[in-house]
Amino acid sequence: MKKYECTICGYIYDPEKGDPDSGIAPGTAFEDIPDEWVCPDCGVDKSQFTVVE
């Protein structure tokens with residue numbers, strides 16, 4: 001699964017780790033995260049994330 005980076009603050013969403021503090025279980029692909037999820041570090045929405053190559 002691909003990792004995604006917040007273009008605002010640099011937070012990396014790693015699907016292997018998920019975001020348990022926000023209710024996103026490990027193993028959850030970025031595409032499967034609910035649209036209302038926001039970056040846990042700076043609070044922007046999913047549209048501000050890009051794939052990490």
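Lys3 is partly exposed, with a relative accessible area of 37%, where partly exposed lies between buried (under 20% relative accessible area) and exposed (over 50%), computed with a 1.4 Å probe and protein chains only. Lys3 forms a salt bridge with Asp14, a term that stands for a side-chain nitrogen of Lys or Arg within 4 Å of a carboxyl oxygen of Asp or Glu. The model is predicted, so local features need pLDDT of at least 70 and side-chain atom pairs count only at pLDDT 80 or more, while totals for chains, interfaces and linings use all residues. Residues are numbered from 1 along each chain as its sequence is written, and side-chain values use heavy atoms, with hydrogens and water left out.

**Salt bridges**

- By this rule the count comes to 2 salt bridges, and in the one between Asp14 and Lys3 the closest N and O atoms are 3.8 Å apart.
- Asp14 lies in the loop between S2 and S3 and Lys3 in the segment before S1, so this pair ties together parts that are 11 residues apart in sequence.
- Asp14 counts as buried, at 12% relative accessibility.
- Lys46 and Asp35 meet through their side chains in a salt bridge, at 3.9 Å from N to O.
- Both Lys46 and Asp35 lie in the loop between S2 and S3, so the pair ties together parts that are 11 residues apart in sequence.
- Lys46 counts as buried at 13% relative accessibility, whereas Asp35 is exposed, with a relative accessible area of 66%.

**Strands and sheet**

- The chain has 0 helices and 3 strands, these being DSSP runs numbered from the N terminus, with at least four residues (H or I) for a helix and at least two (E) for a strand.
- The 3 strands form an open sheet in the order S2-S1-S3 with antiparallel pairing, and two strands pair if DSSP finds at least two bridges between them.
- Strand S2 (12-13) and strand S3 (49-51) stand at the edges with a single partner strand each, so one side of each is left without a neighbour in the sheet.
- Strand S1 (residues 4-6) pairs with S3 in the antiparallel sense over 3 bridges, and Val51 in S3 is the bridge partner of Tyr4.

**The chain as a whole**

- Buried residues make up 32% of the 53 residues in the chain.
- The C-alpha atoms fill a box of roughly 25 × 25 × 15 Å, taken along the principal axes.
- Of the contacts in the chain with a separation of 6 or more, 44% come from residues 24 or more positions apart, a contact being heavy atoms within 4.5 Å.
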